[in-house]
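Q: Hey, could you walk me through this one? I'm new to it.
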Amino acid sequence: MAMAMASGVCHSLIAGEKGLLSSRNCIYFGGSPSVVRVLSSIGRLSLVAVNIPKATSPTAVEEGSSRIDSVPTPKVIIDLDTDPDSTIVEITFGDRLGALLDTMRSLKNLGLNVVKANVYLDSSGKHNKFSITKASTGRKVDDPELLEAIRLTIINNLLEYHPESSSMLAMGAAFGIEPPKEEIDVDIATHVNIYDDGPARSLLVVDTADRPGLLVDLVKIITDINVTVQSGEFDTEGLLAKAKFHVSYRDEAIRKPLQLVVANSLRYYLKRPTTEEASF
């Protein structure tokens, strides 16, 4: 199923005090702090405005998770490949996560159904996995704007209930109690590679520094070159983002000349410095 690009699509959502309100090309997290506008670094793409409460003190953290030594790397995986009928979301933060009932409520407030949830343990920690679908259609989520809203909602909940994650997440600089100790050099962190993945599609792999709106930006850049995004996976690992997209051009794998165009376009937009619109 091709990933649908929502051009100016708005999700009319009204949630509770800790919910998420969405209007045209913007996302507002509930609460009453000052509004922080986070603009895409690509001025011509859809903009994301976020109003997120500052992370609370460690007293708000779930019981037994307030220790701050050896903070693990938080990971949020959005997987559109594994299940043809649902989108899989996986959240890992060492062994510190509870049942994530607030996260499930937040996902439902986005107009989603959590059709299955499970937990498993391995050497990297406790993995909470949710299979989600659109409540209105019962189908998997493939709209980039809604997928980005899911990602930001999960990260917001991490910052609120696990404030020690603030220094490990890119959004912690603006919305957490402690900014990241190190700033990622986007030039060094950005890598774009394209591999053959059969006769009908190619595999596009992008590693870069994380920022709000990144998933929407990536898909918009790719589709602006008339390349189709069929499915993929988007991982947030601490300060980094890793995307794997199955892409095609006119139902065929991308040939070398077009591969260069896609790779160079992504590198240009990901590495160029952010410029405020007000400066023009």
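**A loop, some helices and a strand**

A: Let's start with D251, which sits in the loop between strand 12 and helix 6. Helices here are DSSP runs of H or I with at least four residues, strands are runs of E with at least two, and both are numbered from the N terminus.

Q: Before we go on, what kind of model is this?
A: It's a predicted model, where local features need pLDDT of at least 70, side-chain atom pairs count only at pLDDT 80 or more, and totals for chains, interfaces and linings use all residues. Residues are numbered from 1 along each chain as its sequence is written, and side-chain values use heavy atoms, with hydrogens and water left out.

Q: OK, back to D251: buried or exposed?
A: D251 is exposed, because its relative accessible area is 65%. Exposed means over 50%, buried means under 20%, and partly exposed is in between, using a 1.4 Å probe and protein chains only.

Q: And what's its phi like?
A: Phi of D251 is near 65 degrees, a positive value in a residue other than glycine. Most residues other than glycine have a negative phi.

Q: Which loop holds R250?
A: R250 is also placed between strand 12 (240–248) and helix 6. R250 has a positive phi of about 55 degrees and isn't a glycine either. With a relative accessible area of 68%, R250 is exposed.

Q: Zooming out, how many helices and strands are there in the protein?
A: The protein has 6 helices and 12 strands. Of its 280 residues, 52% are buried.

Q: What about helix 5 and helix 6, at what angle do they cross?
A: The axes of helix 5 and helix 6 (residues 256–271) cross at roughly 145 degrees and come within 10 Å. In helix 5, L214, L218, I221 and I222 meet S265, L266, Y269 and L270 of helix 6. That contact has 7 nonpolar residues, 1 polar and no charged.

Q: Back to helix 2: is L158 buried or exposed?
A: L158, which is found in helix 2, counts as buried because its relative accessibility is 4%. Leaving out residues up to four places away in sequence, L158 touches P74, V76, F93, L97, P163, S165 and L169.

Q: Last one, D196. Where does that lie?
A: D196 lies in strand 9 (residues 191–196). At 62% relative accessibility, D196 counts as exposed. D196 touches R201 and Q259, not counting residues up to four places away in sequence. The C-alpha atoms of D196 and A253 are separated by 7.1 Å, and the two residues are 57 apart along the chain.

Key: Contact = heavy atoms within 4.5 Å. Axes fitted to C-alpha atoms, helices over the stretch in contact; angles between N-to-C directions. Nonpolar A, V, L, I, M, F, W, Y, C, P; charged D, E, K, R; others polar.
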